[in-house]
Amino acid sequence: MHGIVVYSSGQPAEGIVVTNGHHVTQTDVSGLFTLPREGSFVVITRPSGHTATPWWVPTPADDETDIRFELLATPQSLPYEFVHLTDTHLTVPKDAADANQSGLYREGSLPDQVRDFLTRLPEYAPNAQSIFVTGDLVDHGVTEEYEAYVDVLTSSPVPVHLIPGNHDHMNGRHGAIISRNNYLTNDGTPELYERYFGPRWYSFDVAGLHVVTLDWHTHELGIDHEVQNDWVRADLQLRPEGSPWLLLFHDQPNFSIIEQLPWLPKATFSGHWHTSRVVEVDGTLHVNSPTTFFASLDYSPPAYRLVTWDGENITLKTQTLLTVPVPDALGDVSTSTFAATSTRSDDSAVLWRAELGGAGHRQRASVDGDLVLAGGQIEDRAAGTVEAFDLATGALVWRAHTASAVKTTPAAADNVVVAAEVSGDLTGFDRSTGEVIWSVKSSDSLRRFAWGSPTVANGMVYLGDQSDLRAVDIRTGEVIWRRTDLSPHHNLVNHSAPLLVDDLLVMGFWPTPAHPIGLDARTGESVWNRGDWDGTDPFLALKRMLIMGTASYDSQTDTVLMPAYGNTTRVNRTTGATIWTQPHQGGFSPATPVITDAGYVVTVTGHGLRLLERETGQTLWDRPITGAAPFPMASYTKIPHPVIAAPILVGAHLILPGLDGIVRRIDLDGNIIGQSQLASPIAASLVEAGDRVIAVGVDGNVLALSRDIAS
């Protein structure tokens, strides 16, 4: 098959790259090209400063058809800014009720939400010259959703570049399979995506930067990974070796594509995990962005990234999508959880205030003697902090910089402070100086998404997820034992920290294993043998207990309380057998249950608190909490709500922090008996330290509050 590429003036366009998705060629001095009649599409690489009408056509049925592409000049200036969106999961209203078949959320974004964002793009990103959307455009992969997406894209004032995700290939089916790389995903076919949006892998240039797009899902399933690998190598071979380029991939790229590249990209942009995670590996910046129209699985608020290419480097600015009025007391929250901001509270209960080098998130502080220890995240580059403050005054004692965000709570023992980064790196710092004593590198810096805090006990550090759980000597960093067999895959963020009860380690995960685990903390060997899942049905595993967060131990009854998806469950400490499970609304609620003499206080994210009776799990009281939160943080929610964190028990009262900046004092009958307005949205539990409690705001403020706050 053959064709021609011309400029709008009619002049032949020489040296333009044209591909059929298998072979890659360039136009000659006459603008002509020839390709084998193979593949589904003929596609041109739009050069810098141009678009094309069209930029792709279906492969002709015969070799006689003349293919014509016309290049149109489009201004592209340096610095070149684009908006990174991902996982829009668009549904249409009549399909919203059907979304329950996926079991975890009611709907993704709605067409009006996406349309409103695009219409207001000049307000959100006045310098943006294009938008890149990295997959899961629609939620169920059905015709109605695709047609709605095509319609809303007409509202965009700038070009939109799309790639598919796994949901885009669902075609209305939600069956789960294990991929060739032991990855839990859905099956599917790309026909509908191709019908509405054309090629699934292609390249284009903007302001001197080459951009390559691939289809991660079919690559992961093994449908066409070899074809895509061959194509990307052929595409890059037509460029100067080592020249800068970007990779757009629905999931964070791993070895299956990285090892196939002739040279590494400047940066990659992805989604899929519904998280905010920025790491640098071998000189490549890997940017995994949160969802834009609902809160993410890591409890990031809805957000979008502004990305700038200045001709040499890539820089980021992550913006929270604000859709409701922000309470005046909270100040500027437009970058909360992504970058530190400065706010002050006039409340008399604030004893001192300090600022992290980055933002906070769901991680609380810890207290070791006279030190307050906290982790920070800097989401506009691959960076984070571990910081120590004086408990009495709030003065900064030391600050250690890390290679990626610290979204976990530091732990201390034996004059060592241990912190885990989102990459999975674990570091031991000198308690007095913050100097690095030892480090344990991540087992997979590309694909380890670490949100679980370390737990220290008996001179050991315990941390990890279902595919890499380990015990490390806190003094030396030596790995004592490691379990990599608890689940065949790790592809959803885990919020659990290990619970240690004597020599028993208790932990829960989601979506697999389908049950909590109990291990011998000394050896890592399994103690519990639940025997209720044989591992052969990943879809059933996905629908099982879905433990979401860190467990707590009731010494009075020798039982373990675990927060699960829409449930709280009580299990036998010796055997791990389920005693009772109590459902509640709130879905993704990973807050640790609080053990009190009156019963178990559980946090129903997006609703309030509930007291459960010990022996039966019966609800004794339910306390809704209302307040003007600035943005949603509970996974998949769109409506802001103040309750994210668990309360702590101080004396006979519960102290509950809120995303609205309000700290509430609640008695054990469920009555709110006082509150204090702070200037920081707080999504992390407080920690008690003598005559005070310590709070960490999502804006990066660390606050020491009187123990009598909100009395």
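Guide: We'll go through aromatic rings, charges over rings, and strands. Keep in mind that this is a predicted model.

Visitor: Rings then. How many aromatic pairs are there?
Guide: The structure holds 25 aromatic pairs. One of them joins Phe117 and Tyr304.

Visitor: What is the geometry of Phe117 and Tyr304?
Guide: Edge-to-face. The centres are 5.3 Å apart, with 70 degrees between the planes.

Visitor: Where do those two sit?
Guide: Phe117 is in helix H2, residues 111-119, and Tyr304 is in strand E20, residues 303-309. The pair therefore ties together parts that are 187 residues apart in sequence.

Visitor: Are Phe117 and Tyr304 buried or exposed?
Guide: Both Phe117 and Tyr304 are buried.

Visitor: Okay, what about Tyr193 and Phe197? Which kind of pair is that?
Guide: Their ring centres lie 5.6 Å apart and their planes meet at 55 degrees, so the pair is tilted. Edge-to-face would need over 60 degrees.

Visitor: How are Tyr193 and Phe197 placed in helix H5?
Guide: They are four residues apart in H5, which spans residues 191-197, so about one helical turn separates them. Both Tyr193 and Phe197 are buried.

Visitor: Which residues form an aromatic cluster?
Guide: One cluster is made of Phe41, Trp55, Trp56, Phe82, Phe132, Tyr202, Phe204 and Phe269.

Visitor: Switching to charges. Which ring does Arg277 lie over?
Guide: Arg277 lies over the face of Phe449, 4.2 Å from the ring centre. Arg362 lies over the face of Tyr299, at 4.9 Å from that ring's centre.

Visitor: Now strands. How do E25 and E26 pair?
Guide: Antiparallel, over six bridges. E25 covers residues 383-390 and E26 covers residues 396-402. Thr385 has His401 in E26 as its bridge partner.

Visitor: What's in the hairpin between E25 and E26?
Guide: Five residues lie between the strands. In this hairpin, Gly394 takes a positive phi near 85 degrees.

Visitor: And the open sheet? What is its strand order?
Guide: The order is E31-E32-E33-E34, four strands with antiparallel pairing.

Visitor: Which strands stand at the edges?
Guide: E31 (455-457) and E34 (479-483) do. Each has a single partner strand, so one side of each has no neighbour in the sheet. The twist averages 20 degrees from one strand to the next.

Visitor: How many bridges join E32 to E33?
Guide: Six bridges join E32, residues 460-465, to E33, residues 468-473. Tyr462 has Ala471 in E33 as its bridge partner.

Methods
Residues are numbered from 1 along each chain as its sequence is written. This is a predicted model: local features need pLDDT of at least 70, side-chain atom pairs count only at pLDDT 80 or more; totals for chains, interfaces and linings use all residues. Side-chain values use heavy atoms; hydrogens and water are left out. Two strands pair if DSSP finds at least two bridges between them. Rings of Phe, Tyr and Trp (its six-membered ring) pair if their centres lie within 6.5 Å; planes under 30 degrees apart count as stacked, over 60 as edge-to-face and the rest as tilted. Buried means under 20% relative accessible area, exposed over 50%, partly exposed in between (1.4 Å probe, protein chains only). A charge sits over a ring if NZ of Lys or CZ of Arg is within 6 Å of the ring centre and within 35 degrees of the ring normal. Axes are lines fitted to C-alpha atoms, for helices over the stretch in contact, and angles run from 0 to 180 degrees between N-to-C directions.
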